[in-house]
Amino acid sequence: MQVSVELIPRDTETLLRDAAEVRSCFPLADMINIPDLLRFPLRSWDAAALARPHFPNVIPHIRAIDIAPDAPLPGVGQEGLEAVLVVQGDPPSDLRHLTYPNTTESIIRRYCTEAPHLAVYAAFDPYRRAPYREMEAIARKKEAGAVGFFTQPIFDMRMLDLCMNWLHGENVFWGISPVVGPRSRSYWETTNHVIFPHDFEPTMEANIAFARQMMRTVRKQGGNVYLMPLRVNLQRYLVPLCGV
């Protein structure tokens, strides 16, 4: 089982500190993945280059709608970069930010054609639409050249079981994220349309226990995981997971 940790590129100093902390306190991690967030000036592929001294294996997220048709693909030619994760990208809140009518599939195809040395991953989200629509999108992304998938974080073992059946045989990094407190829960419910199980507990202890259970299940099934430790102390969340 490969284990990735998602780190937010708020700025260079914070990113390097977090990467060093993950390397020190969580030796189970094989890689880090870095989202591209427009509210921060540091782009994901630039952050990947900065973080590589701590983690040789870094996967930046690439927003498909940000790439102009005649612009070079982000990260192509970057020394040491081996993979990217292409996501569609949410519309920007700042209307001055230019976007383009790209699909995820069109940008995956461009990477496969223009940078065949890079492995290209795509996203899977079981919450945003009907499952058959999401599986149709998975088929299109595979046809375009995606070699695997990073899932939206999952918060229910029954949902994990369903998704593992839907994605049987695929190369998948299953997302795990702590949800601590009512504000964090409300974010996932309103922004990502997550439906939590009735017995879900938004405490650190319960989230660690769930992460351990999910990691064991994924390991048994031969999959991979990525941890998204949003708004929590890295050591407090990651250290208890070292023995999984």
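**Close-up views of a predicted model**

At 19% relative accessibility, Gln78 counts as buried, and that is where this set of close-ups of a predicted model begins.

View A. To find Gln78, look in the loop between β3 and β4. Leaving aside residues up to four places away in sequence, Gln78 touches Trp45, Ala48, Ala49 and Arg52.

**View B. Gln2, in the segment before β1.** Here we go to Gln2, which is found ahead of β1 (3-6). Is Gln2 buried or partly exposed? Gln2 has 32% relative accessibility, so this residue counts as partly exposed. Setting aside residues up to four places away in sequence, Gln2 touches Asp30, Met31, Asn57, Phe173, Gly223, Asn224 and Val225. Ser184 is another story: 182 residues separate Gln2 and Ser184 in sequence, and their C-alpha atoms are 27 Å apart in space.

**View C. Arg23 and the ring of Phe55.** Arg23 belongs to helix α1 (residues 12-25). What does the charged end of Arg23 sit over? That would be the ring of Phe55, with 4.1 Å between the charged end and the ring centre. Phe55 also turns up among the residues that Arg23 touches, along with Ala29, His54 and Pro56, if residues up to four places away in sequence are not counted. Arg23 has a relative accessible area of 36%, so Arg23 is partly exposed. For a sense of distance, the C-alpha atoms of Arg23 and Asp66 are separated by 31 Å, while the two residues are 43 apart along the chain.

**View D. Phe155 and Phe196, a tilted pair.** Nine aromatic pairs are found in the structure. A pair of aromatic rings is described by the distance of the centres and the angle of the planes. For Phe155 and Phe196, the ring centres are 5.0 Å apart and the planes are at 50 degrees, so the pair is tilted.

**View E. Tyr187 and Trp188, an edge-to-face pair.** The centres of these two rings, Tyr187 and Trp188, lie 5.3 Å apart. Their planes are at 75 degrees, so this pair counts as edge-to-face. Which of the two is buried, and which is partly exposed? Tyr187 is partly exposed, at a relative accessible area of 31%, whereas Trp188 is buried, at 3%.

**View F. Arg231, over the ring of Tyr187.** Tyr187 is back, this time with a charge over its ring: the charged end of Arg231 sits there, 5.5 Å from the ring centre. Arg231 has its place in the loop between β8 (224-227) and α8 (234-238). With 66% relative accessibility, Arg231 counts as exposed. There's also a backbone detail to look for: phi of Arg231 is near 55 degrees, which is a positive value in a residue other than glycine.

**View G. His193, another positive phi.** His193 isn't a glycine, yet its phi is positive, at about 60 degrees. The loop between α6 and α7 is where His193 has its place. At 47% relative accessibility, His193 counts as partly exposed.

**View H. The largest pocket.** How much space lies in the largest pocket? About 1,400 Å³. The pocket is lined by 42 residues, and the closest to its centre are Leu37, Val87, Gly89, Asp90 and Asn192. Several elements give two or more residues to this lining, including strands β3 (58-63), β4 (83-87), β5 (119-124) and β6 (148-151). Helices α3 (104-114), α4 (131-144) and α6 (182-191) are also on that list. Sorted by class, the lining has 17 nonpolar, eleven polar and 14 charged residues.

Terms used:
Residues are numbered from 1 along each chain as its sequence is written. This is a predicted model: local features need pLDDT of at least 70, side-chain atom pairs count only at pLDDT 80 or more; totals for chains, interfaces and linings use all residues. Side-chain values use heavy atoms; hydrogens and water are left out. On a 1 Å grid over the protein atoms alone, a cavity is a set of points where a 1.4 Å probe fits but cannot get out, and a pocket is an open set with protein on both sides within 12 Å along at least five of seven lines; lining residues have an atom within 4 Å of a point. Grid points are joined across faces, edges and corners, and a volume is the space filled by probe spheres set on the points. Helices (H or I, at least four residues) and strands (E, at least two) are DSSP runs, numbered from the N terminus. Ala, Val, Leu, Ile, Met, Phe, Trp, Tyr, Cys and Pro count as nonpolar, Asp, Glu, Lys and Arg as charged, and the others, Gly among them, as polar. Buried means under 20% relative accessible area, exposed over 50%, partly exposed in between (1.4 Å probe, protein chains only). Contact means heavy atoms within 4.5 Å. Rings of Phe, Tyr and Trp (its six-membered ring) pair if their centres lie within 6.5 Å; planes under 30 degrees apart count as stacked, over 60 as edge-to-face and the rest as tilted. A charge sits over a ring if NZ of Lys or CZ of Arg is within 6 Å of the ring centre and within 35 degrees of the ring normal.
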